[in-house]
Amino acid sequence: MARIQRRKVTVIGAGNVGATTAQRIAESGLADVVLVDIVEGLPQGKGLDLAEAAPVVGHDGRITGTNSYDETSGSDVIVVTSGIARKPGMSRDDLISTNAGIVRGVVSEAAKRSPDAILVVVTNPLDAMCHVAIKASGFPKSRVIGMAGTLDSARFRHFIALETGVSVEDVRAFVVGGHGDTMVPLPRYSAVGGIPLPEMLSAERIAALVQRTRSGGAEIVELLKTGSAFYAPAAATFEVVESILLDRRRLIPCAALLEGEYGVQGLFVGVPVVVGAGGIERIIEVKFTPEEQAAFTKSADAVKELLALI
Ligand code: APR
């Protein structure tokens with residue numbers, strides 16, 4: 001009897017973000033998961049722990065923990081979370097030299113064993129790491145996606161829901177630009193139950209929520225002290241992976257390689273994209289106001305400056 005070919009997702013980095021993402025994917029039942037880490041025993045231990053949760057959760061997905069890349073062969077999606085995380089006082093940009101080397105190494109190992117996979121990059125500084133990943137993999141731009149906008153938008157949505165006293169489910173929000181202090185939350189494209197945000201809240205309150213969104217990652221780093229956020233990053237990563245595996249064609253903000261869109265050439269920056277089975281199926285170009293365009297260009301320039309450090 002012919003067996004159904006199960007989908008396979010490799011998650012590189014079995015730390016906070018990687019292990020939580022692996023848990024979400026495994027529990028969704030959408031794919032088998034291979035968890036890879038450089039630390040001996042860590043992915044094996046977390047993989048076994050996740051597999052032992054499966055009888056209670058009720059899924060039959062296989063979860064493999066490993067220090068080698070051979071088990072990752074033939075993956076449909078490769079999620080890259082390996083690298084160091086922020087500590088209080090650090091910006092995402094401070095991670096660049098260490099994480100560039102790590103991302104380069106893991107992507108070249110994984111990409112050659114899964115040449116048709118879609119890469120979802122999570123390691124920070126996100127936009128710069130997408131450049132490292134596309135170079136190390138040789139993949140076309142449609143198959144290299146940076147997960148950041150979905151996370152920044154989730155944070156913005158949470159703050160809007162708190163402020164308006166409306167269910168998070170009815171709050172839509174859009175954050176574009178680089179995944180750093182210059183990110184560009186777009187109130188005009190954010191809405192509560194379809195009502196544009198500027199009609200729901202005063203300009204002053206919106207400005208406060210925008211600022212809290214921009215420093216959303218740092219707020220958590222300051223509280224945790226030993227590392228950075230991982231529940232929301234893992235949930236936002238799963239949103240991207242699910243849209244690929246189910247070809248949902250979600251319209252979400254992700255870092256994509258721009259070649260002229262929004263007046264930007266050759267840079268990964270967060271923009272609205274349609275994510276489906278082929279990865280980035282389409283980049284959506286919305287019309288910015290002159291202020292929005294200026295903020296977006298400034299954010300893209302920050303990505304460019306950072307790239308010069310690699
Ligand atoms: N190969 C495989 N795994 C590696 C490598 C490598 N070369 N180098 C480091 N790792 C692993 C670490 O052993 C660790 O288990 O990456 C994991 C990172 O986990 P955490 O330290 O818990 O960091 P986490 O919070 O998961 O963040 C990872 O995602 O959101 C970003 O800014 C964050 O860049 C950071 C990344």
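What is the relative accessibility of Arg 113, and as what does this residue count?

Mentor: Two conventions come first. This is a predicted model, in which local features need pLDDT of at least 70, side-chain atom pairs count only at pLDDT 80 or more, and totals for chains, interfaces and linings use all residues. Residues are numbered from 1 along each chain as its sequence is written, and side-chain values use heavy atoms, with hydrogens and water left out.

Arg 113 has a relative accessibility of 24% and therefore counts as partly exposed (buried is under 20% relative accessible area, exposed over 50%, partly exposed in between, with a 1.4 Å probe and protein chains only). Its side chain meets that of Asp 70 in a salt bridge at 3.0 Å, N to O (a side-chain nitrogen of Lys or Arg within 4 Å of a carboxyl oxygen of Asp or Glu). Arg 113 belongs to helix H3 (residues 96-113) and Asp 70 to the loop between E3 and E4, so the pair ties together parts that are 43 residues apart in sequence. Helices (H or I, at least four residues) and strands (E, at least two) are DSSP runs numbered from the N terminus.

The side chains of Glu 259 and Lys 141 meet in a salt bridge at 2.8 Å, N to O. Glu 259 is partly exposed, with a relative accessible area of 43%, and Lys 141 counts as partly exposed at 34%. To return to Arg 113, salt bridges that share partners join this residue with Asp 70, Glu 109 and Lys 112 into one network.

The structure holds 14 salt bridges, and another of them joins the side chains of Arg 7 and Asp 76 at 3.6 Å, N to O. Arg 7 is in the segment before strand E1 (8-12), while Asp 76 is in the loop between E3 and E4, so here parts 69 residues apart in sequence are tied together. Arg 7 counts as partly exposed at 31% relative accessibility, as does Asp 76 at 25%.

Strand E3 (residues 63-66) contains Thr 66, which is buried with a relative accessible area of 4%. Beyond neighbours within four places in sequence, Thr 66 is in contact (heavy atoms within 4.5 Å) with Val 34, Leu 35, Val 36, Asp 37, Pro 43, Gln 44 and Glu 71. Ala 14, in the loop between E1 and H1, is buried at 0% relative accessibility. Leaving out residues up to four places away, Ala 14 touches Ala 19, Leu 35, Val 36, Asp 37, Leu 42, Pro 43 and Lys 46. The C-alpha atoms of Ala 14 and Val 36 are separated by 6.3 Å, although these residues are 22 apart along the chain.

Some backbone details complete the picture. Most residues other than glycine have a negative phi, and most peptide bonds are trans. The bond from Asn 124 to Pro 125 is cis, with omega near -5°, and Pro 125 lies in the loop between E5 and H4. Arg 249, in the loop between helix H9 (231-245) and E12, has a positive phi near 60° and is partly exposed at 43% relative accessibility. Tyr 262, in the loop between E12 and strand E13 (265-276), also has a positive phi, near 55°, but is buried at 6%.
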